[in-house]
Amino acid sequence: QAAKDNLAVLGRTLIFSLFVSTVQFTLGLLVALVLNQRLWGRNVVRTLVFMPVILGAVIQGLIWSLFLYPLGGPAARILEIVGLKPQFLGGPPAEAFFWVMVVQIWANLGITMIIFLAGLQTIPSEYYEAASIDGANSWQAFKNVTWPLLTPSINTNVLLTVIGSLQAWQLFLVLIGYRAGTQVLGYLIYATGFGA
């Protein structure tokens, strides 16, 4: 039974890591591409996206616990408008697990965005001008200029998102505690060593 439970925990950890890493990487790249344009208020938006990174896991957990409070929290009220009544972090294990993934992505999206922004700003504009002269459209410029020249940022972000997702046990501790069907490997190790 213990071996079966451990395999389930390992499976959940891999699912969590794959989902969080993929979504965080993709969103970080998209946000960086948008905020790399000359838009009004882009520095304010950059700051707002990055702010969660400087908060500790406990603060992040408390903010989201209040936001996802099922009895009158902001998220519950918004979803009631469309007739949904989710239980959020107190609901079934799959639902609680999903919301921890959302919080993890929100908490670390800023660092992914900043790394991509730094990479984008090292690409000389002359390359895009040359691509434009050659008749490249936006997608071709991205595929043949931006993506290859972002390789260092891509490698860094892949590494950091995977490591970050594997270290997310603190959010599980703060948001949902030790519940069957929600533990990931890091939290299981912590709970075994220090008590659930």
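Buried means under 20% relative accessible area, exposed over 50%, and partly exposed in between (1.4 Å probe, protein chains only). We're working on a predicted model, where local features need pLDDT of at least 70, side-chain atom pairs count only at pLDDT 80 or more, and totals for chains, interfaces and linings use all residues. Residues are numbered from 1 along each chain as its sequence is written, and side-chain values use heavy atoms, with hydrogens and water left out.

**Exercise 1.** Find which residues of helix 3 are buried, and what they pack against.

*Solution.* Now look down the axis of helix 3: its buried residues fall within an arc of 95 degrees (taken from the directions from the axis to the C-beta atoms), so they line one face of the helix.

**Exercise 2.** Work out the surroundings of Asn157.

*Solution.* First place it: Asn157 sits in helix 8 (residues 151–166). Next, check cover: with a relative accessible area of 1%, Asn157 is buried. Then list neighbours: leaving aside residues up to four places away in sequence, Asn157 touches Phe25, Ile111, Thr112, Ile115 and Phe116. Finally, zoom in on Thr112, whose backbone oxygen lies 3.3 Å from a polar atom of the Asn157 side chain.

Terms used. Helices (H or I, at least four residues) and strands (E, at least two) are DSSP runs, numbered from the N terminus. A polar contact is a pair of N or O atoms within 3.5 Å; within protein, one must be able to donate a hydrogen and the other to accept it, and residues adjacent in sequence count only if both atoms are side-chain atoms. Contact means heavy atoms within 4.5 Å.
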